[in-house]
Amino acid sequence: MTDLRQLFEEELAVVRTFVGILEREQRLLIEGDVDGLPALVNDKNELAARLAAIAEQRRLTLARIGLNADRSGVASWFAAHPDDEGARVAWAELLPLATQARELNQLNGDLIQLRLQHNKQAIEALVGSSGAGGLYGPDGQNKPGGGGRILDSA
């Protein structure tokens with residue numbers, strides 16, 4: 001098995017797992033279930049670091065033989081290794097899966113922004129958008145009603 005084939009297969013496995021985590025993250029975000037998100041963030045960060053390490057290994061492997069680490073470099077490698085069907089299959093599966101991961105990640109980021117905007121609007125409604133006469137202090141606790149002098153004037 002060639003070094004690149006092994007890297008493609010490893011990357012494919014990691015991206016599959018990454019897509020699964022992104023799909024779970026999306027479900028949690030849609031359902032508003034934030035309790036499960038911290039564990040997914042840790043897993044997602046670990047997988048992103050692993051993907052970066054694999055990409056660096058691929059870059060170094062291609063550079064050793066004088067090729068760029070982009071799609072044209074991989075295409076050149078395939079041209080020089082026409083019999084490595086396993087590498088071709090892994091690469092062919094990897095490309096659309098990586099696109100799916102990128103799209104899911106973008107959509108999840110959009111969902112997070114939507115949630116943040118919703119939370120901000122809810123906080124503004126509770127505190128009062130003008131900031132005057134709000135019901136809650138910066139610590140989230142109830143503030144006594146107003147400025148305190150209304151009761152003294154009666």
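Contact means heavy atoms within 4.5 Å. Keep that cut-off in hand for the exercises below. The model is predicted.

**Exercise 1. Find which residues of helix 3 are buried, where they sit around the helix, and what they pack against.**

Step 1. Start with burial. A residue is buried at under 20% relative accessible area.

Step 2. Look down the axis of helix 3. Its buried residues fall within an arc of 140°, so they line one face.

Step 3. Turn to the face away from the buried side. Here helix 3 carries A79 and A80, which are exposed.

Step 4. Name the partners. The buried residues of helix 3 pack against helix 1, helix 2 and helix 4.

**Exercise 2. Decide how helix 1 and helix 2 are arranged: parallel or antiparallel?**

Step 1. Read the geometry. The two helices, helix 1 and helix 2, pack at an angle of about 155°, and their axes are 9 Å apart.

Step 2. Apply the cut-off. Angles over 145 degrees count as roughly antiparallel. Helix 1 is therefore roughly antiparallel to helix 2.

Step 3. The crossing of helix 1 past helix 2 is left-handed.

**Exercise 3. Classify N108 and R16: buried, partly exposed or exposed? Then list their contacts.**

Step 1. Locate them. N108 belongs to helix 4, and R16 to helix 1.

Step 2. Classify N108. Its relative accessible area is 0%, so N108 is buried.

Step 3. Classify R16. Its relative accessibility is 44%, so R16 is partly exposed.

Step 4. Leave aside neighbours within four places in sequence. N108 is in contact with L22, E25, Q26 and L29. R16 is in contact with E93 and L97.

Step 5. Check one pair. R16 and L97 lie 81 residues apart in sequence, yet their C-alpha atoms are 7.2 Å apart in space.

Key: Residues are numbered from 1 along each chain as its sequence is written. This is a predicted model: local features need pLDDT of at least 70, side-chain atom pairs count only at pLDDT 80 or more; totals for chains, interfaces and linings use all residues. Side-chain values use heavy atoms; hydrogens and water are left out. Buried means under 20% relative accessible area, exposed over 50%, partly exposed in between (1.4 Å probe, protein chains only). Helices (H or I, at least four residues) and strands (E, at least two) are DSSP runs, numbered from the N terminus. The arc is that of the directions from the helix axis to the C-beta atoms. Axes are lines fitted to C-alpha atoms, for helices over the stretch in contact, and angles run from 0 to 180 degrees between N-to-C directions. Angles under 35 degrees count as roughly parallel, over 145 as roughly antiparallel, 65 to 115 as roughly perpendicular and the rest as oblique. A crossing is left-handed if the near helix is turned anticlockwise from the far one by less than a right angle, and right-handed if clockwise.
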